[in-house]
Amino acid sequence: MTKRYAIILAAGQGTRMKSKLYKVLHPVLGKPMVQHVLEQVSAVGLEEVVTVVGFGSDKVKEYLGDNTKFVLQEEQLGTGHAVIQAEELMKDKKGTTIVVCGDTPLITKETFQQLFDHHEKEGSKATILTAKAPNPFGYGRVIRNAHNEVERIVEHKDATHEELLVDEINTGTYCFDNEALFEALKEVSNDNSQGEYYLPDVIEILKNKSEKVSAFLSSNFDETLGVNDRVALAQAEKTMKLRINEQHMRNGVSIIDPENTYIHSDVVIESDVVIYPGTIISGKSIIHEHAIIGPNTEVSNCEVGAHTVIKQSVATDSRIGERVNVGPYAHIRPDANIGDEAKIGNFVEIKKAELGKGSKVSHLSYIGDAKVGSNVNIGCGTITVNYDGKNKYLTTIEDDSFIGCNSNLIAPVTIGKGSYVAAGSTITKNVPEDSLSVARARQTNKEGYASRLKKRLEDK
Ligand code: UD1
Ligand code: CA
């Protein structure tokens, strides 16, 4: 079988984005564009991938890591010049090299696969992935001859009036015979309106050498969108969102309003989950079967157990067990570990805390830096006082305890198994198991005092 390689072009500054962030790092559904590209193209099965990066590209390297080699393009002199930077690493290879832009995040592995297959079946030296664009503005146009063969590509800025009417565009993705590519690149000049070395010029150069050049027309323009500005970025976000949502729906997830539900690409969702509108599920979240998420909920990097319900809430970097009820208006902050059948009610914040099976924090509480056993009831307005301005301390509440409303538990402190804390207590010392702890002033009633007080005030 022919060996397959890839070169990803990611060195452009992306001036049209008007951003300090490197263009190909702009995220689409939470993942940098270039990472989408690398993942999809790599899925075809490649011998090697080389990514061309520019200055300030450490972040690109961080994201892509060991999955590609890198070469530096010191000055951005055009896409042809970018590919030449890979010459040292690539020139001796025999096989097919796909060149992909880091700013076309929607092209799928299936399309890459089809392009490779078509190219190799045709025995072409170059095959361009093309598409019919409803609005071809800004793209290079594919110019064909009287026999409908591809002749060359003309950039929008260099095109004549007539050429601008062509709606078949260059998607910026090509398969090449590797050796023919680097041979032809030697002849590319920068004699054009932008003074750049254009990769697409390789097509005309090969054609003039009577080499076979072909086009593979993608049936799906949506996939081939090139993101040059924020308007296109929003379009990419929308297309990717609907694509991911459709996949989940086909896998048995109910999404009430797919237009208004944002599921990032690494999220795993089991069947019979229901997702209500306004929900964002991101990071490496896993949602187990029959969970109900939303409306208006953010879940990031969380595992959510089966049959759990999360409404109008935010949960980050945490584990939430099965049959748990969260919200409305709860905030689960990093490192929470919520046991099965627990309840986290309205206006409750949980941070770096473990909550055992069946424990309930139903209203208006802060539980941070805490280890709460199972079957514990935490009354409304309870606060684990975990911070002295410098250090954080642990509150431990053992199984079957009952914390009365409006209690302050001043950490470090332990409430022993099965104990009661009276409402309104400020607990500063450990409570032994099986106790009742009352830590508040005793009540005194002065009968008849109210009218005596009023009279005294009137007489003044
Ligand atoms: C390019 C194509 C155009 C095609 C379009 C598809 C050229 C000359 N034009 O135009 O025919 O229709 O893509 O989206 O190739 N890059 C570098 N180094 C450079 C310049 C660019 O690495 O010196 C990278 C960019 O990071 C980007 C990609 O190459 O990922 C494409 O560059 P861009 O400037 O966006 O080209 P377009 O004008 O979109
Ligand atoms: Ca582009």
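Predicted model: local features only at pLDDT ≥ 70, side-chain atom pairs only at ≥ 80, totals over all residues.
**The calcium site**

Two protein residues donate atoms to the calcium ion (ligand 2): D103 through OD and N228 through OD1. They lie 2.3 to 2.4 Å from the ion. D103 sits in the loop between strand 6 (96–101) and helix 5 (109–122), while N228 sits in the loop between strand 11 (213–218) and helix 9 (230–250), so the pair ties together parts that are 125 residues apart in sequence. D103 counts as buried because its relative accessibility is 11%, under the 20% cut-off. N228 has 22% and counts as partly exposed.

**Helix 5**

Helix 5 has 14 residues. Which residues of helix 5 are buried? They are T111, F112, L115, F116 and H119. These residues cover an arc of only 140° around the axis, so they are on the same side of helix 5. An α-helix has 3.6 residues a turn, so residues three or four places apart point the same way.

Several elements cover the buried residues of helix 5. Among them are strand 1 (4–10), helix 1 (33–42), strand 7 (126–132) and strand 10 (168–177). Strand 6 and strand 11 also take part. Just after helix 5 comes G123, with a positive phi of about 65°.

**Salt bridges**

The whole structure holds 24 salt bridges.

| Pair | Distance | Relative accessible area |
|---|---|---|
| D167 and K132 | 3.7 Å | D167 33%; K132 46% |
| D369 and K351 | 2.9 Å | D369 8%; K351 10% |
| E354 and K371 | 4.0 Å | E354 37%; K371 43% |

D167 lies in the loop between helix 6 (161–164) and strand 10, and K132 lies in strand 7, so this pair ties together parts that are 35 residues apart in sequence. D167 is partly exposed, and K132 is partly exposed.

The D369 and K351 salt bridge links strand 30 (residues 366–372) with strand 28 (residues 349–355), 18 residues apart.

E354 is in strand 28 and K371 in strand 30, so the pair ties together parts that are 17 residues apart in sequence. E354 is partly exposed, as is K371.

Salt bridges also form a network, which links K31, E39, D266 and K284.

Definitions and conventions. Residues numbered from 1 in each chain as written. Chains lettered and ligands numbered in written order. Heavy atoms only, no water. Donors = N, O, S within 2.8 Å, 3.2 Å for Na, K, Ca; no water. Helix = DSSP H or I, 4+ residues; strand = E, 2+ residues; numbered from the N terminus. Buried < 20%, exposed > 50% of the residue type's maximum accessible area, 1.4 Å probe, protein only. Expected span 1.5 Å × (residues − 1). Arc of directions from axis to C-beta. Contact = heavy atoms within 4.5 Å. Salt bridge = Lys/Arg side-chain N within 4 Å of Asp/Glu carboxyl O.
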